[in-house]
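Hi,

Here is the structure I promised to pass on. Please open it first, and then read my notes below with the model at hand.

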Amino acid sequence: MNETIDNDILIEKVNLLMTHPESMNPEELQQLMSNPRFVSLWQTALDAKRAIAEDREVRDVDEAYREFAARYDIPVHEDNDEHQKEPISSKLIPIYKYVVIAAACVAALLVFTFRHALFDSGVDGKGEDIAQKQAARELYVAEKTTNDILITAGKKTIDMASLAQNRHTAESLGITVQGDEIRCSSIDFDDYEISSNTIVLPQGKVAKIVLPDGSRVWLNARSSLIYPNKFLAGQPRKVKLNGEACFEVTHDNSRPFIVETEKVQTRVLGTTFNVRSYNEESPVVTLVSGSVQVSVSKGFGRKSLSAILKPGQQWLMSEGKWTTKDVDTNIFTCWRDELFYFDGQTLREIMVEIGRWYNMTVLLDNNVHINDRLHFNGERAWTVQELVEQMNMVCKTKIRIEGDSLKVY
C-alpha cells in the first residue's frame, strides 16, 4: 500500500475493516498492516480499546481520544459545564468518538480475528467474540526473532559473533568488534559508494556503537539503527532509529547530527540524549546535556510541531498534546547500563518493558491493579524467573511464568 495515502482514507479503511472485514482478503490485509501510518493510527488509540474491553473508567477513553485527535487534527468538543455533577465514568461515549477510536484500534485485532471470527463463529456465554476477548488481554506480544545481533552492509548481512571472528570481512565493511563494542569506520576508497549500514538488536541485549564521526550510541533491545558508512564534509550527519537509543554526539558546528524516527526528528550539534520511539508507543525524547531541537516527523500527524529542550527536560505526548517536562534523566538512560529502573511507572508499562526485553507475550487475567504505580529496580542480566520473583514482592497482584508467556493475575 502506498505510504503517502491520506490519513482520512486510512480511517475509512479501518472503518471498512471494522464493519465488513469479510470484504478484505488476506493480501489486502497484509498491505494495510505494512503501512507505518496505518499501524501508528491504531496503536495510538489501542489503550481506548483496552479500556472498553476491560471496563475501565471512560476517562481513559477520553484521554486516548484526545491524543488521537491531536495527532490527526480532529476537532474535540469538550464539555465545559462546570456545574456538571455527573461523573464522567457514567456518561455515554459519543458515538462519533467510539467509531473513530474503534476504527483506529481494530487493526490490532485483525490478524488474530481474521482466522477466528470469520471462519469460526464461536462466541462465549456473554455473546462476546472469543478472539477479541483474548486480544484485549494481551499487553505485549512476543515476536519470532533471532538471538543474534545482525549487521547489514550493502547486500551482506552477518551476525556480530561471526564478524568478530572474520577480520577480513569486518575490515572490508568498515566495522570492527572489540569486546561488546561495535566500531564503525569511514570507508575512504575512491571507488567505494556511499551506502547505509544497519545494526539490528534482538531481545535481551544492549549494544555499544561508535559511529564514523566518533559519536557513541547505546542501542536498546528490539531496536535498529541505520547509518551511512561515511559522514560527508559540510553535510548533516543523519541516522535512522527504530526503537530506543542513547546518543553521545561528537560536537561539529558544520555538521548537525540528526536522528530520524517514524514519529519524531531530533537535531543536535553535540550533546547526550535518549530517543525512545517503538512502533507501539508514543515517542519520548529526553535530554541529558547540551541542547536539542525535536520536531514531529513528516507524515506523523498533520501539525508541524517542534520544541527546543534544555538539560533535564523531556518531550512527549501527554493527554493528547505534545508537552515538555522536567525529569530525572537517570530513569530514562539507566537501561544502557543494563538496569531496570522504574519510578512511578504503571504495572502495565513495566510489564510491556519486561515483555519486550525477554521477548515474552504478556497476558492480563486481572486488571484491578494494572494501573498501580510502582517503584522497582533490577538487573537486566537477571533471568526472567529472578525478575518475576522480585516483582511479586512489590506487586499487589501476582505474575506467573506460563510457557513462553508472562501472566498477570
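**Strands, cores and a helix**

Let me begin with strand E5, which pairs in the parallel sense with strand E7 (residues 207-210) over three bridges. Helices (H or I, at least four residues) and strands (E, at least two) are DSSP runs, numbered from the N terminus. At one of these positions, isoleucine 182 stands opposite isoleucine 209 in E7.

A word on the source: this is a predicted model, in which local features need pLDDT of at least 70 and side-chain atom pairs count only at pLDDT 80 or more, while totals for chains, interfaces and linings use all residues. Residues are numbered from 1 along each chain as its sequence is written, and side-chain values use heavy atoms, with hydrogens and water left out.

E5 (residues 181-184) also pairs with strand E4 (residues 175-178), here in the antiparallel sense and over four bridges. Isoleucine 182 in E5 has valine 177 opposite it. Two residues lie between E4 and E5 in this hairpin, and glycine 179 in the turn has a positive phi of about 65 degrees.

Now the chain as a whole. The protein chain has 12 helices and 23 strands. Of its 409 residues, 47% are buried (under 20% relative accessible area; exposed is over 50% and partly exposed in between, with a 1.4 Å probe and protein chains only). Among contacts (heavy atoms within 4.5 Å) with a separation of 6 or more, 57% are between residues 24 or more positions apart.

Which residues have the most contacts inside the largest nonpolar core? They are Ile199, Ile209 and Phe247, in a core of 42 residues. Such a core is a set of buried Ala, Val, Leu, Ile, Met, Phe, Trp, Tyr and Cys residues joined through side-chain atoms within 4.5 Å. Strand E10 (residues 237-248) gives the largest share of this core, four residues. Beyond its neighbours within four places in sequence, isoleucine 199 touches residues including Ile182, Ile209, Leu219 and Tyr227. A second, separate core of 30 residues includes Leu139, Trp218, Ile354 and Ile399.

Leucine 364 has valine 408 as its bridge partner in E23.

Which residues of H12 are buried? They are Val384, Leu387, Val388, Met391 and Asn392. Seen down the axis of H12, these residues fall within an arc of 135 degrees, so they line one face of the helix; the arc is that of the directions from the helix axis to the C-beta atoms. Exposed Glu389 and Met393 sit on the face of H12 turned away from its buried side. The cover over the buried residues of H12 includes strand E19 (339-346), H11, strand E21 (373-379), E22 and E23.

Best wishes

Key: Pairing = 2+ DSSP bridges.
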